[in-house]
Amino acid sequence: MRTAVSFLIGLVVGATGVLLYLQETAQLAIAADSTVARSGAAAATPTRRGAATSRSEPVSTQVRSEPVSTQVRSEPASTPTRRVAMSNSELLAIPVIGVTPEDLRQDFTDNRGGGRTHGALDIRAPRGTPVVAAVDGTIRKLFTSKAGGLTIYQYDVASERCYYYAHLDRYADGIREGKVVAQGDIIGYVGTTGNAPPGTPHLHFAITILTPTKEWWKGEVLDPYPLLTGGAARVTSNR
Ligand SMILES: [Zn+2]
């Protein structure tokens with residue numbers, strides 16, 4: 001009996017001890033929490049004071065986001081490129097020697113009377129400036145027309161597109177139908193043949209997507225401007 005009583009007392013004492021211990025631990029935990037909270041509040045002040053640090057974070061984010069914003073900026077140029085399903089490896093050369101993308105003026109949708117739009121790009125340059133092949137390919141047709149004057153129709157290597165060069169002053173030596181040309185090869189010279197104003201020598205440059213039957217006079221026109229300004233290959237001359 002005494003043993004049982006002392007066992008019970010022992011139990012109670014033990015349980016109280018455990019309870020006390022737990023309470024203490026809990027208090028410690030609370031104390032620790034409030035320390036964290038206090039130090040957190042304290043830490044918030046230096047963070048705010050260290051505005052340079054917090055501001056430098058967005059700055060570094062901006063630095064990181066800069067390529068992204070560059071992509072965003074390049075998107076207007078690359079979107080039309082994608083719209084015409086142009087592969088990035090196929091860069092066009094500006095087909096007039098000495099002309100840079102900055103020199104070009106968008107005139108694809110200009111009204112040319114009678115409800116017609118221009119559907120091409122006029123590249124101004126002094127008479128006699130060399131005209132070069134915009135891509136590798138083949139001279140498909142040498143043609144003289146009332147509007148275009150002396151013209152060249154060039155196919156790309158895959159015969160997917162036709163590149164049209166008009167108002168030429170003359171052809172380059174050796175240019176003939178069927179001749180294989182490389183991008184940058186001189187194929188003619190800027191002039192005013194056809195309906196170009198005599199005082200405004202320029203190359204009328206057009207691109208068409210050929211139909212499955214591949215006739216040089218048929219196709220859907222493409223705007224050359226974004227293709228020439230969005231990473232056009234800068235070619236001086238291959239000769
Ligand atoms: Zn034109």
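**A walk through the core**

The largest nonpolar core holds 35 residues. V131, Y164, Y165, I187 and F205 have the most contacts inside it. Strands β1 (121-124), β2, β4 (149-156), β5, β7 and β8 (202-209), together with α3 (224-229), each supply at least two of its residues. Strand β5 gives the most, with 6 residues. Keep in mind that this is a predicted model.

Now turn to strand β7, which spans residues 186-190. Is it mostly covered or mostly open? It is mostly covered: 4 of its 5 residues are buried. Strand β7 pairs with two strands named above. One is β2 (residues 130-132), joined to β7 in the antiparallel sense over 3 bridges. Here P130 has Y189 of β7 as its bridge partner. The other is β5 (residues 161-171), which also pairs with β7 in the antiparallel sense, over 3 bridges.

Next, look at I187. Which residues does I187 touch, leaving aside those up to four places away in sequence? They are V131, V132, A133, I139, I152, Y165, A172, I175 and V181. V131 and Y165 are also among the residues with the most contacts inside the core.

Finish at C162, in strand β5. Why does C162 count as buried? It has 25 C-beta neighbours inside 10 Å, and a residue needs 20 or more to be called buried. Beyond residues up to four places away in sequence, C162 touches R140, Y153, Q154, Y155, T208, L210, W216 and G219. I139 lies 23 residues from C162 along the chain, and their C-alpha atoms are separated by 9.6 Å.

Key:
Residues numbered from 1 in each chain as written. Predicted model: local features only at pLDDT ≥ 70, side-chain atom pairs only at ≥ 80, totals over all residues. Buried ≥ 20, exposed ≤ 12 C-beta atoms within 10 Å, placed from the backbone. Pairing = 2+ DSSP bridges. Core = buried A, V, L, I, M, F, W, Y, C linked by C-beta atoms within 7 Å. Contact = placed C-beta atoms within 7 Å.
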